[in-house]
Each structure stands twice: as C-alpha cells, then as structure tokens.
Amino acid sequence: MKKINILLALTGVAFMLTSCDDYLDTLPDDRAEVDTQEDVSKLLVSAYSTNSAVLMMEMASDNVDDNGAQYSTYPGIDEMYRFKDVTSEFNDDPRSFWNGCYRSVATANEALASIREMGEPKELNPQKAEALLCRALGMFQLSNVFCMAYDPAKSNEYLGLPYPLEPEQKIGTEYERGTLEELYAHINADIEEALPLMDDGYMSTPKYHLNMKAAYAFAARFNLYYHKYDQVIKYATLALGSNPTAYLRNWAPYMELGSQDTYNRYIQSSENCNFLLLTAYSIAGRTLNAGSYLRYAHNDDILGYETFWARSPWAYSNSTSSNNLLYMAHTLYGNERITLLPKMFETFEYTDKVNGTGYAHIVDTYFTGDETLLCRAEAYALRNEGTDSLKALADINTWCSTNLEPSYDQMTRQDYTIDYLNRFMRSTIYSAVTPETAALRTIKKVLHPQGFSVEAGNQETLIQMILHMRRVTTMHQGLRFMDLKRYGIEYTHFVDKEEPIVFKAGDLRGAYQLPVDVRTAGLEANPR
C-alpha cells in the first residue's frame, strides 16, 4: 500500500483560508499553546471543516438535469455532472474539501493531545467527546465523497482513507489508505467512545457544534450507512425522544413567508428540528438556487415526475402543485429550468464592496430531526423483524404529520396503511434508467442494494417511500447521492447533443477521484 504525508497535501491551503477565518470565528493556525479548559473549548471552534461537499454530491446525483448548452456553467461543475476528475480549482472542488476535512481532523487531534497532556481531567470529558466526534465527522464526510458505499462483502476490498490519530509533528509522517472496513471501524470507535462523555452545557452556540442531539443524529446516520440497524434505532430514538414531532420542521408558518424569509427561518438555530448547522465557503447557493449557473439544475422534468410535484400517495397527479399535500410543494421558486426550495441561499461576505469582491458562504442544516426520523424508519424497514414494518410505517406517518398539510384542494391527510402504500406502488411503474420522456420518470426506482437485500412486497414499498421522503427532505444538500450509492439506483445524466451518461449500480465513479497532488505525492488513486 502506498504512503503519503498528508501535510504535503495541506501545504498551501492553510494560508489561503486565513483571510476569511474571522468570518466564521475560527482561530488562526499559529495559535498559542493549549493548556486550559477554555483553550481547548476555543480550539474546537475550528475543528469543523469550512468546506462543503454539497455541490459535488448534488451535481453527481439524479436531482439535476441538463438544461442545454445555451446555459452557462462553471468548468468544475461540468466535470462533476459528467463524473470526470475535477481539475478546476475553487472552494467546492475535491482538493479544497479534502484539505478542509483533514484540517478539522488535525485540529481535533491537537485538542485530544492537549487533553491528554493535562491528565484527562473529568471536567474536560465534554470537550474530549466533541473532539472525538469532530474527528469522526471529518472522516465520515471524506468517506462519503472519496469512498464507495459500505458493503460488508466488499469493505475489505474497497479503499479507505488515512485516519490520523495523533497530531502531525513534522514533515515525514506516513499514512496508508487502508480499507473501507478499517475506516468505518475507526469512525465507529470514535463515536462510541465519545457518546458516553457528552455534555453540551459548555457550548455557547450548541447548534454550530456537535451537541448531544446532533451527536446522536450523527451516530444514527453513520450506523445506517454501516448497516447496524439496532444502533440506528437506538441513537435516533435518543435524538428524537418520546415525542419526535417536537423535533420535526413545523412547515405551517412557512406558508406565509417569501423566499428570503423562508431561508432565514429554515437555518435558524431556534428551529427545534435543526440539530447541527455547518457553514462553508461555497458557491452551492448561487448554483443550486437560480443564481449564476443554469445549465445543470433541478428542473421541471425532475420536479414534476420525481420530486416535489411527482405523483405520490399525497399527490394525485404529476407536474403540478395542485392536489398535493406536501408543504414543500407549495414553497418552491424558479421556472421550468430551475426550481428551488429556499434552504441553500448564498450569504456573501464583502471584503471590498466597491469592487464587489469577497467570499460566498452557505449554511447547511447538516443534521435535522426529519432526516434522523427517516434514518430510523429505514432501519426498522431493513431490520424487518417482528413488528418492525409497523414501526417503520409509524415513523412515515409521523413525518407526514408535519410535512403534509391537513388538506389541500381535493386531498386530505390520512394515516397511511401498508395496504394503501402497496396499492400505490403496484400502480406505479419503475422509473426508466434513461427515460426518453418525462412521463417515464417516477418516484419508484429499481433497487440494487449494495451489501444487503430488500424483499418484494411490504419491505420494498416501505423503502421506496422512505427513499422518496429522504429525497425531498434533503434536496439541495447532497445526501441523495449517498442513497443512490447505497441502493445501487441506476440513473442517467443527459448531456445536450451528446451521448447520455449512465451511472450504474456499484459504479466506481461513486467515489470521487482523490486530488491530483495527493495522488502525485503517492496516495493510491481510486480505481476507474
């Protein structure tokens, strides 16, 4: 296995981001010695990556389509959509994301080392927990982009990523990629060590840190990808408590808001559903929300037949918001080329207002109650023991209770039964992999699960519904790409006046290629 010094890959990025660190209230890299509880707490502010994978993962998913070469795009976005190695350099490219995540891991390791040097006093247990979780989160984020979906039958064959456990003291530290099995084991170990130590009472802005609910939500999502369904259920339940509805987004007040106010409310830390908010330097806001680039976007074909306006148990017809109970279906903006839910707008930090220069930022609701509930529903459906199907159905109906209007046009919200959902699925065709017309698109996908199975009938019906609910819940956030990878869902990226590009089950392009300087330094490339 080839080795690399990760510091070489990081060289050059630290100073590039220093100029905008103040905006996100992070500490400079030449920080003083960390030897007090307050120092450790301050250090952990900078243990969260300020780079996002949202644009990379969203552009690789089936949430976007080609509007035609007459519309503009950015070279790096074009490469993402076409599943090519990304050669353009900008804040959303693989290299920036790699560096950002490994910087957060390095910061977490510095905090852990400082805690050890102070004798690991019990009063620092909460900070130790946060540092362990930050390290695990950084590596989990990297694995979602640069690794294949976890498959227990192939996890010892699939490449993992270097997992630093100590601060890097000098040039020359060597690392191996290892296997995906080893990578997931490290993430799991950090999570399991951290959770018993959690206490977020010391956090001044807990929604921007891995607070207790965010930590449990993280554990639930990770274990879902890890196929550990008992753990998903355990941690999702700890995050949601005995009344999950209290931690789901209350959509009713949004119906009276315009797009900007919707966005402002959506990312508010006061919203109970928002467990963790992550900020990043990114042009995802202007790209996904009708800004500068219109070529690759969530357009009418996808909107009307696969996502918010698609025929579903709560929507009678395609291509319209009429007879549709979904709150989100009535909070959309845009046109036939791009339709957006106002949740990923850009915040611009001016460094020179006269010349209009500065930094583009996004705020990502990275862990929410709604997505955590759907993690649990999926875990129940996949475990499929005893009354698990009824428990999955109960979570589906809980999600519906806040995401669907009580009534709209001719429809009325109901508690959905397995029989009702089965009838709907039997009346719905499987979406074509390469649909020649929009009418051949549906919310029902052919599944090729990676490392697990889904039985025809009740289990598939529940999974199809949950995947659709996850899709609309996480729109514009990139999580759909992980669901496509996990379930081996095949789909097509159409390209104007060119042959369509088909993404296959188990497609090796599901793991983004490592940055070129990382490969040049010796770390093994992802196979193609």
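A residue is termed buried at under 20% relative accessible area, exposed at over 50% and partly exposed in between (1.4 Å probe, protein chains only). The model is predicted: local features need pLDDT of at least 70, side-chain atom pairs count only at pLDDT 80 or more, and totals for chains, interfaces and linings use all residues. Residues are numbered from 1 along each chain as its sequence is written, and side-chain values use heavy atoms, with hydrogens and water left out.

Aromatic pairs were considered next. Rings of Phe, Tyr and Trp (its six-membered ring) pair if their centres lie within 6.5 Å; planes under 30 degrees apart count as stacked, over 60 as edge-to-face and the rest as tilted. The count by this rule is 30 aromatic pairs. In one of them, the ring centres of tyrosine 216 and tyrosine 235 are 6.1 Å apart and the planes lie at 15°, so this pair is stacked. The partners are 19 residues apart and link distant parts of the chain: tyrosine 216 belongs to helix α9 (residues 212–225), tyrosine 235 to helix α10 (residues 229–240). Helices (H or I, at least four residues) are DSSP runs, numbered from the N terminus. Tyrosine 216 counts as buried because its relative accessibility is 14%. Tyrosine 235 is also buried, at 4%.

Helix α9 was examined in more detail. Twelve of the 14 residues are buried. Among them are Phe218, Arg221, Phe222 and Asn223. At the helix start, a side-chain oxygen of asparagine 211 comes within 3.1 Å of the backbone nitrogen of lysine 213. Just after α9, histidine 227 adopts a positive phi of about 70°.

A nonpolar core is a set of buried Ala, Val, Leu, Ile, Met, Phe, Trp, Tyr and Cys residues joined through side-chain atoms within 4.5 Å. The largest has 157 residues, and those with the most contacts inside it are Ile187, Leu210, Phe218, Phe308, Trp314 and Trp399. Helix α7 (residues 125–146) gives the largest share of this core, twelve residues.

Two charges sit over rings (NZ of Lys or CZ of Arg within 6 Å of the ring centre and within 35 degrees of the ring normal). The charged end of arginine 249 lies 3.5 Å from the ring centre of tyrosine 266. Lysine 444 sits over the face of tyrosine 430, 4.3 Å from the ring centre.

Conventions. Helices (H or I, at least four residues) and strands (E, at least two) are DSSP runs, numbered from the N terminus. A polar contact is a pair of N or O atoms within 3.5 Å; within protein, one must be able to donate a hydrogen and the other to accept it, and residues adjacent in sequence count only if both atoms are side-chain atoms.
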